Amino acid sequence: MKQVEIFTDGACKGNPGPGGWGALLRMGRHEKELSGGEPVTTNNRMEMTAAIRALGALIEPCEVELYTDSRYLIDGITKWVAGWQKRGWVNASKQPVRNAELWHDLIRETARHKVNWHWVRGHSGHPENERVDRLASAAAEAAGR
């Protein structure tokens, strides 16, 4: 199984507001940057979209080390999703799960791969996190124009 590193980030200018996402895919010496934006969205949606689009860009199943500064993303996919599925997509407060359609997309994309999730502190000088933060911020600014 091919090994890939993925670094993702989301950004929002206002929350909700114009948002962007960025991802860096690395396999050996090969790198690919991806980004995109939406005119009205939230930071959490952009964090999720970055991971979904990055995983979706992989043509074949891979072993993935995915790095993000979003606890929401990591906790959601590694801790909360199982309970939401059992409860019919309502959260512990008996409310519909926010961003459920994106969680479904993320579950579908992660099922194709062996994904190891890693949290990195945002805005702390981590080179790849800073790089995808710039991609996400530029996409958010473009979406706001």
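This is a predicted model: local features need pLDDT of at least 70, side-chain atom pairs count only at pLDDT 80 or more; totals for chains, interfaces and linings use all residues.

Me: Which residue of E2 is the bridge partner of Gly-10?
Reply: Gly-10 has its bridge partner in E2. The two strands involved, E1 (residues 2–12) and E2 (residues 17–27), run antiparallel. The partner in E2 is Trp-21.

Me: How many bridges join strand E1 to strand E2?
Reply: E1 and E2 run antiparallel. Two strands count as paired from at least two bridges. For E1 and E2 the number of bridges is 8.

Me: In what order do the 5 strands form the open sheet, and which stand at the edges?
Reply: The pairing is mixed, and the order is E3-E2-E1-E4-E5. An edge strand has a single partner, so one side of it is left without a neighbour in the sheet. The edges are E3 (30–41) and E5 (114–119).

Me: Which strands does helix H4 touch?
Reply: H4 spans residues 127–144 and packs on the sheet. Its direction makes about 145 degrees with that of E2. The strands touched by H4 are E1, E2 and E3.

Me: Is Asp-133 buried or exposed?
Reply: Asp-133 sits in helix H4. Its relative accessible area is 14%. Buried means under 20%, so that value decides the matter. Asp-133 is buried.

Me: How far apart in space are Asp-133 and Trp-21, C-alpha to C-alpha?
Reply: In sequence, 112 residues separate Asp-133 and Trp-21. Asp-133 belongs to H4, and H4 touches E2. The C-alpha to C-alpha distance between Asp-133 and Trp-21 is 8.0 Å.

Key: Residues are numbered from 1 along each chain as its sequence is written. Side-chain values use heavy atoms; hydrogens and water are left out. Helices (H or I, at least four residues) and strands (E, at least two) are DSSP runs, numbered from the N terminus. Contact means heavy atoms within 4.5 Å. Axes are lines fitted to C-alpha atoms, for helices over the stretch in contact, and angles run from 0 to 180 degrees between N-to-C directions. Buried means under 20% relative accessible area, exposed over 50%, partly exposed in between (1.4 Å probe, protein chains only).
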